[in-house]
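Colleague: I have a model open and want to go through its geometry with you. Can we take it step by step?

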There are 2 protein chains.
Amino acid sequence: MIDKTVHMGLLLDFYGQLLTEKQRLYFALYHQDDLSLGEIAEQYGITRQAVYDIIRRSENILLDLEAKLGLEKRYAKQREKLETVQTRLEALAEGQLGEITGRAADELMALEQLIAEVIQEF
Amino acid sequence: MIDKTVHMGLLLDFYGQLLTEKQRLYFALYHQDDLSLGEIAEQYGITRQAVYDIIRRSENILLDLEAKLGLEKRYAKQREKLETVQTRLEALAEGQLGEITGRAADELMALEQLIAEVIQEF
């Protein structure tokens, strides 16, 4: 079970450019910066209800996009596999399955680094 | 420079669920199955112009989504890196950087296979 803040952050990361600027802003203030509806309302001089409606609408748009395109799910699966590869490369480089030395060991560490970069960029 | 059919196929793969069923169908017939506008028109009993309009509109929707979300670009970059990892794992397994035998060699081949699966699933 993925944490709600992380979940909403990933949805915003994947699909946020399809929201309006205002939707993206209020959504991020609420779900990422942890401001309350009241705090956002005060800061932007609108009613708490209006803030609530905009955030709720944004959530629905993002959840609908995920239901249709499934990017979060798709890439969670891939990230998991790549993390497995990373762990196993590390075990190899550490010689847990037989001694590997010199250039081959360096190469394994370089590959582990490359996989880490790909995971980072998801 | 990526081939136009491949490019359109990737866009359809990433964002096709945001098109209507009809848009998706005509787009695929034209760009993937290589039917002509006239052939599609005849098959579905509508004008060639109507087919053209639907396909053009679908292209615009998909290109706009790619401009905003950039998934094709993002994953082309990652695919490239993973293919590099794959090639280098292969070189390692073949002992090009020093002899690797037994369980370590098997493990390298297994990891190569895992990376291939991730690439396949993009």
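The questions below go from symmetry to interface, core and domains.

Colleague: What rotation superposes chain B on chain A?

Modeller: Keep in mind that this is a predicted model. Two copies of a chain are related by a rotation about an axis and a shift along it. Here the shift along the axis is 0.0 Å and the RMSD is 0.1 Å, with a rotation of 180°. That is the relation of a two-fold axis.

Colleague: Which residue of chain B comes closest to the rotation axis?

Modeller: The distance is taken at the C-alpha. At 3.4 Å from the axis, the residue is B:Ile100.

Colleague: What is the area buried between chain B and chain A?

Modeller: On the contact side, 33 residues of chain B touch 33 residues of chain A. In chain B, the residues that lose the most area to chain A are B:Lys81, B:Arg88 and B:Leu97, together 17% of what that side buries. Carbon and sulfur atoms give 67% of the buried area, which is about 3500 Å².

Colleague: Why do the copies meet through the same surface?

Modeller: Compare the interface residues of chain B with those of chain A. The copies meet through the same surface because the share of chain B interface residues that are also interface residues in chain A is 100%.

Colleague: How many salt bridges are there between chain B and chain A?

Modeller: One salt bridge joins the side chains of A:Arg74 and B:Asp13, at 3.6 Å from N to O. Residue pairs in polar contact between the two chains number six. The count of salt bridges between chain B and chain A is six.

Colleague: How many residues are in the largest nonpolar core?

Modeller: Both chains supply members, and those touching the most other members include A:Tyr15 and B:Tyr15.

Colleague: How far apart do the C-alpha centres of domain 1 and domain 2 of chain A lie?

Modeller: Domain 1 of chain A covers 4-69, and domain 2 covers 74-121. Their C-alpha centres are separated by 36 Å.

Conventions. Residues numbered from 1 in each chain as written. Chains lettered and ligands numbered in written order. Predicted model: local features only at pLDDT ≥ 70, side-chain atom pairs only at ≥ 80, totals over all residues. Heavy atoms only, no water. Least-squares fit on C-alpha atoms with pLDDT ≥ 70 in both. Contact = heavy atoms within 4.5 Å. Core = buried A, V, L, I, M, F, W, Y, C linked by side-chain atoms within 4.5 Å. Buried < 20%, exposed > 50% of the residue type's maximum accessible area, 1.4 Å probe, protein only. Domains from an automatic or database assignment. Buried area = accessible area lost by both parts, 1.4 Å probe. Salt bridge = Lys/Arg side-chain N within 4 Å of Asp/Glu carboxyl O. Polar contact = N/O pair within 3.5 Å; in protein donor to acceptor, adjacent residues only side chain to side chain.
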